[in-house]
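The structure comes first and my notes follow.

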Amino acid sequence: MKPGDIWLKKVAAYYDSKKKDLNWRLAADGIIHHHNGLIFDKTSFLRKMKTAGTAAGEALIHRSETELSGFGFKFLDCPRKRARLLDAGCGRGGSSLLLAERYPLLRITGVTLSAYQAAAARAAARARGLDARIEFRRASMLSLPVPENIFDRAWACESTEHLPSLPAFFGEMARVCVPGARLVVIAGVRNPGHPGEKRFTRLANQVYFLKLHTEKEYLDAGASRGWELTCKKDLTRPAANYWNMRAMLQKGSGTEFFAAPAFTGGAFLYHLYAYDLVK
Ligand SMILES: C[S@@+](CC[C@H](N)C(=O)[O-])C[C@H]1O[C@@H](n2cnc3c(N)ncnc32)[C@H](O)[C@@H]1O
């Protein structure tokens, strides 16, 4: 067993144990997200939340999470012709399912460390009639069981925060992607030097089994493995709004108490990075 394997097992066990959780409860439409939402217009969202009952409030929060997916997909620049996409850290398949519905010729491989998540994602794809174009596998995105040069697009939404090594991630993405491929990473990023950064990072790492990275690490590691940054979006403000609104739910996940102030105060940043592969 390699030293990093123990960590991967811990992350896998964490997601294997998360079944009837908040993410599952919010997903009345069968699309389970494991990521932040985006709320751009806080005033109007707040007005709706105040008058919404429990179910309607949860639906609003879920919709803001789906909004993040749609926002991020634009940066994938997916072709309408046949192409292959890797969903690196696919959770219970939310992004893959939405992408497959949006792009009928896209073929998708989703990988997660969790056997339970892979099975749940497969069942969701079957239920939506998408299983011919999406395969979900239990595998590590740091050592994928696939040949080199096969993916045209790669998507990593709130999964790289778990990784012990970003250079290893960008290196593996460079191996499995074709030259010119587009990679979109969406991630919570710790903000070094911020007075609350150390405390919030310790908490988040502990509760979610993370190894939160800095922006410099995302930029340096990408560049060192041939990934040229073509676009960056700072989504910290709409993510902070999301956490503050989520804190209004009657029953949240219990992590709102630190995530809301961490994003609102700037100890955590929420960024989208789009890279193109030069090799
Ligand atoms: C917060 S969830 C995000 C899931 C999904 N991307 C979404 O946005 O709903 C993190 C996911 O990353 C996966 N993950 C973490 N480390 C991984 C690794 N080394 N290889 C594959 N998946 C990994 C976990 O198994 C989990 O599915």
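The model is predicted. I placed Phe40 in the loop between helix H2 (22–26) and helix H3 (42–51). Next I looked up its distance to Tyr242: the two residues are 202 apart in sequence, yet their C-alpha atoms are 8.8 Å apart in space.

I then turned to helix H4, residues 54–76. I listed the buried residues of H4: Glu58, Leu60, Ile61, His62, Ser64, Glu65, Leu68, Ser69, Gly72, Phe75 and Leu76. As background, I noted that an α-helix has 3.6 residues a turn, so residues three or four places apart point the same way. Just after H4, I found Asp77 with a positive phi of about 50°.

Last, I looked at the whole chain. I counted 11 helices and seven strands in its secondary structure. How does the radius of gyration stand against that of a compact globule? For 279 residues the globule value would be near 19 Å, and the chain has 18 Å, which agrees. The C-alpha atoms fill a box of roughly 50 × 45 × 35 Å along the principal axes. Buried residues make up 44% of the 279 residues. Of the contacts with a separation of 6 or more, 79% are between residues 24 or more positions apart.

Methods:
Residues are numbered from 1 along each chain as its sequence is written. This is a predicted model: local features need pLDDT of at least 70, side-chain atom pairs count only at pLDDT 80 or more; totals for chains, interfaces and linings use all residues. A residue is buried if 20 or more other C-beta atoms lie within 10 Å of its own, exposed if 12 or fewer, and partly exposed in between; C-beta atoms are placed from the backbone. Helices (H or I, at least four residues) and strands (E, at least two) are DSSP runs, numbered from the N terminus. The radius of gyration is taken over C-alpha atoms; the globule rule is 2.2 Å times the number of residues to the power 0.38. Two residues are in contact if their C-beta atoms, placed from the backbone, lie within 7 Å.
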